[in-house]
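Open the model in your viewer and keep the selection tool ready. We will go from one stop to the next.

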Amino acid sequence: MSKLADKTAIVTGASSGIGAAIAKELAAEGVNVVIVARTLENLNKVKEDIEAQGKGKVQAVQADVAESADVKRMVETAVEHFSDVDILVNNAGQMLEGTVRSGKVDEWEKMIDVNIKGVLYNIDAVLPKMIERATGHIVNIASVSGHEVTKHSTVYSGTKYAVRAISMGLEKELARTGVRVTNISPGMVATRLSEGNTWNGRKKLEATDIGKAVVYALTQPDYVNVNEITVRPV
Ligand SMILES: NC(=O)c1ccc[n+]([C@@H]2O[C@H](COP(=O)([O-])OP(=O)(O)OC[C@H]3O[C@@H](n4cnc5c(N)ncnc54)[C@H](OP(=O)(O)O)[C@@H]3O)[C@@H](O)[C@H]2O)c1
């Protein structure tokens, strides 16, 4: 039996791409998964796929992670249907117009709200209970754009550097609490988000490759905190 069996996980941005793949990998390990996004129709398709796997239970929650009231409801639903949250995967994210010169303030604000504030709201909603229980794992999906900046992605990179900074600081804050923090930085993954980018003909990663990286971090012995995983295509 997997060491993750019967644990409760919340995966945000699980209606497509990387989040859906993470949710499926976790359910395959017997985890009870709360899948979260704004589009209920897409969430329900992922729910059906997970149910068809026949392992782990799944509950869909329509929520905007940039709205703290939605985030509170998301955690309440997890507790009501399953148990206290053991695993939070902060995956919901948006990559909109990233240049400063474009002046697209509304798109920067959306990225900041979802990619940074959403991550913080989610952590805030589960962390006190994790500390009280002296167990838990927070996985933040950042990006290689949190390690490198191109002229096309200044603002997006800014948000992903922030996610890495939050992961790094939180790991220090949580030393000796029993709560672990993993930052995962994917390179180009074949999802809706990267659709327009041909990546110079190179094979992109599959979303499930990131799902497997999450399972790797979660299944290490309890005293091992895998802090940073970078996954790039060859
Ligand atoms: N694809 C890549 O190459 C790549 C590389 C590095 C990092 N990443 C990161 O990986 C994560 C997942 O991206 P992806 O490639 O899987 O993209 P995707 O297929 O577009 O998925 C994004 C997910 O986030 C959800 N979402 C967006 N805004 C939300 C909000 N305000 N509240 C709740 N859910 C929200 C979307 O669902 P709704 O629209 O229904 O809400 C969707 O489920 C992002 O953080 C992204 O920055 C991606």
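Select V89. Beyond its neighbours within four places in sequence, V89 is in contact (heavy atoms within 4.5 Å) with I10, V11, T12, I22, L26, V139, I141 and V214. This is a predicted model: local features need pLDDT of at least 70, side-chain atom pairs count only at pLDDT 80 or more, and totals for chains, interfaces and linings use all residues. Numbering starts from 1 along each chain as its sequence is written, and side-chain values use heavy atoms, with hydrogens and water left out.

Together with V89, they touch the most other members of the largest nonpolar core, which has 37 residues. Such a core is a set of buried Ala, Val, Leu, Ile, Met, Phe, Trp, Tyr and Cys residues joined through side-chain atoms within 4.5 Å; buried means under 20% relative accessible area (1.4 Å probe, protein chains only).

Next, show the strands (DSSP runs of E, at least two residues). Seven form an open, parallel sheet, in the order β3-β2-β1-β4-β5-β6-β7. Two strands pair if DSSP finds at least two bridges between them. Go to the edges: β3 (58-62) and β7 (228-231) each have a single partner strand, so one side of each lacks a neighbour in the sheet.

Zoom in on β2, residues 32-37. It runs parallel to β3, joined by 5 bridges. Click I35: its bridge partner in β3 is A60.

Definitions and conventions:
Buried < 20%, exposed > 50% of the residue type's maximum accessible area, 1.4 Å probe, protein only. Helix = DSSP H or I, 4+ residues; strand = E, 2+ residues; numbered from the N terminus.
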